[in-house]
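Here is a brisk report on one model. It takes the ligand sites, then a sheet, then helix packing.

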Amino acid sequence: MKQAKETNKVLFVGSERICRQVAYVLAIENYKIVETLTNENYDQYQDYTIYVCEFKRKSKKLITKIWKSKKDIQYLDDICRQIDKEYLVNRRRHRKELKKFNKKTLLSCCFGWIYNLLKVVWHLINGSTIKHRRKINKLKKLIINNNYSIIKSTYLDYLQYLDLSVLFLYVLRAPVNKNIQCSLLESHMHIIDDQIYGCCSAILSFGSLLTTDNLFDIYHSVKARIIKLSSLNGSYCLCNTYSWCPHFCVSAENSNKSFFEIKYPKSVTLAFDRTCNLHCKSCRNERYIMDDLTQKKTDLILSKILDSKFLNHTQNLTVAGQGEVFYSRYYRKLLEVDLQCENICIMSNGTLFNEENWNWIKNKYNLFDVIISVDAARAETYSKLRCGGDFQILIKNLKFISSLKNEGLIRKFNLNFVVQRDNFREMPDFVRLGKSLGVNFIEFQRMNDYGSFSKEILLQRCLIINDEYLDYELWQVLQDPIFKDPIVDLSGLNRYIVASDIKYGKNKC
Ligand SMILES: C[S@@+](CC[C@H](N)C(=O)[O-])C[C@H]1O[C@@H](n2cnc3c(N)ncnc32)[C@H](O)[C@@H]1O
Ligand code: SF4
Ligand code: SF4
């Protein structure tokens, strides 16, 4: 991004809120802000690089006649053009890189070619003629009307299509959203396959690890900054919170954020390998077997993560957000390396969390947290939902983890339960199971779109009607006083519980 090269002196003109956001996206740390450029302050700021942060070019409101003659004033649309130009160049380079990983037959080449042609035509008819403002309004409407479904891709695909500058202007103008409190995007990083996300996949990705050499560059790119800004400015205008994000009601540190960017994220979740010994209904349709091309990709992703030494600066590392930590050779390879993280959180299906694997990992880190996903309190339900798993082995391993916690060898021991049609009646028993094991927390998660069901089937199974309130039977189950126990974490369902309380009313119970 072209910025204050000749001189380090930078002046922003406009409202403080907008100027501070623009400075953040341009990665300018030292600057002054004035509301207007008057004839009187001409001498004082003559040798400054000036950015006028006003939506209307050369606004009379902000600059007087004498200032208008100054050549090197940059306006918001200059900044936007620059952002788009650089992003386009990068995107072209990235596409070239990605081609290395595309298995293309002649047929798919032809389809790809036709698809691209149609896209160009469509862009010519609509894209290039639609002014920024219209695109932004369309985006606003889409979000305000919640006109995106529980299936996350519709919404994210739309955002992905927009020019970077449209996102920039949209975020810049978005009002503060008082209903959301979350700071995950500012302090976390989530690597899902080759994509780098700030918090989770409910928001646009910062970029692909396959197309950039350096994790640091992606984390601090203009795109990443624009995405992070949507949290820093308190608008959360890019979050797909309604239908997807599991985090937005968890953390609550929203007040008075400063536009400050940390060099490295405090916590990182790794989810770059899907390999697993199970094939749970909620997660996938069949056992996943990695093909040669994906192996090559994953090798490259792993080496880039390790080469960047990014993880050495991380306080909390979670492995694995996808796939099984003790089964994947990639996660094992990564954990062999001395990463110098303060603590590690093992997220696992628990079926391989036995003495042998514990002995392998126990000396590699100082502090361990363990999260085990179970989704059932009975053996029949377990084998139905967690295909390939053995409930008796799992219970044996859970008791083993419980003993490690009692000995003080692990700090936290939590259980996860994805609420779905086949298991919701077992939720009270699951709390009793957790209590008998002495766990810290049991998190009941809403079922999201992991691509294993069609939209219709997912909507039936997740027990959330219209993405607004819970299925009546699930709501009734949740009236059990056991859910008031402090170890129960219903934060992912809270919004729906509140809406259901209003919808069904306590008297119907
Ligand atoms: C994909 S798993 C990967 C880690 C490990 N294999 C495990 O099962 O815990 C990460 C978490 O996602 C949860 N999960 C699986 N399918 C889900 C879905 N459709 N919606 C929401 N969470 C899901 C799992 O229960 C687990 O807590
Ligand atoms: S609300 Fe969700 S999508 Fe938005 S920043 Fe927080 S974790 Fe990310
Ligand atoms: S939820 Fe976890 S254990 Fe189940 S298939 Fe997915 S990655 Fe494997």
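How many residues surround ligand 1, and which are the closest? The shell holds 18 residues, and the closest are Ser282, Ser373, Asn416, Asn448 and Tyr450. A residue is near a molecule if its C-beta atom, placed from the backbone, lies within 6 Å of it. β11 (343-348) and β14 (412-418) are the elements that give two or more residues to this shell. Strands here are DSSP runs (E, at least two residues), as are helices (H or I, at least four residues), numbered from the N terminus.

This is a predicted model: local features need pLDDT of at least 70, side-chain atom pairs count only at pLDDT 80 or more, and totals for chains, interfaces and linings use all residues. Residues are numbered from 1 along each chain as its sequence is written, while chains are lettered from A and ligands numbered from 1 in the order in which they are written.

**Ligand 3**

Ligand 3 is surrounded by Cys276, Leu278, His279, Cys280, Cys283, Arg284, Gln322, Gly323, Glu324, Asn349 and Ser373. The table gives the class make-up of both shells. Ala, Val, Leu, Ile, Met, Phe, Trp, Tyr, Cys and Pro count as nonpolar, Asp, Glu, Lys and Arg as charged, and the others, Gly among them, as polar.

| Shell | Nonpolar | Polar | Charged |
|---|---|---|---|
| Ligand 1 | eight residues | nine residues | one residue |

An open sheet of 10 strands runs in the order β7-β6-β5-β8-β10-β11-β12-β14-β15-β18, with mixed pairing. Two strands pair if DSSP finds at least two bridges between them. β7 (207-208) and β18 (488-489) are the edge strands, each pairing on one side only. β11 pairs with β12 (residues 367-373) in the parallel sense, over six bridges. Cysteine 345 stands opposite aspartate 369 in β12.

**Helix packing**

The axes of α8 (residues 164-173) and α11 (residues 222-232) come within 9 Å and cross at roughly 25°. Axes are lines fitted to C-alpha atoms, for helices over the stretch in contact, with angles from 0 to 180 degrees between N-to-C directions. The crossing angle therefore makes α8 roughly parallel to α11 (angles under 35 degrees count as such). Leu164, Leu167, Phe168 and Val171 in α8 meet Val222, Lys223, Ile226, Leu229 and Ser230 in α11. Contact means C-beta atoms, placed from the backbone, within 7 Å. By class, this contact has seven nonpolar, one polar and one charged residues.

The axes of α1 (residues 16-25) and α11 also come within 9 Å, crossing at roughly 145°. Gln21, Tyr24 and Val25 of α1 make the contact with Val222, Arg225, Ile226, Leu229 and Leu232 of α11.

How values were computed
Angles under 35 degrees count as roughly parallel, over 145 as roughly antiparallel, 65 to 115 as roughly perpendicular and the rest as oblique. Two residues are in contact if their C-beta atoms, placed from the backbone, lie within 7 Å.
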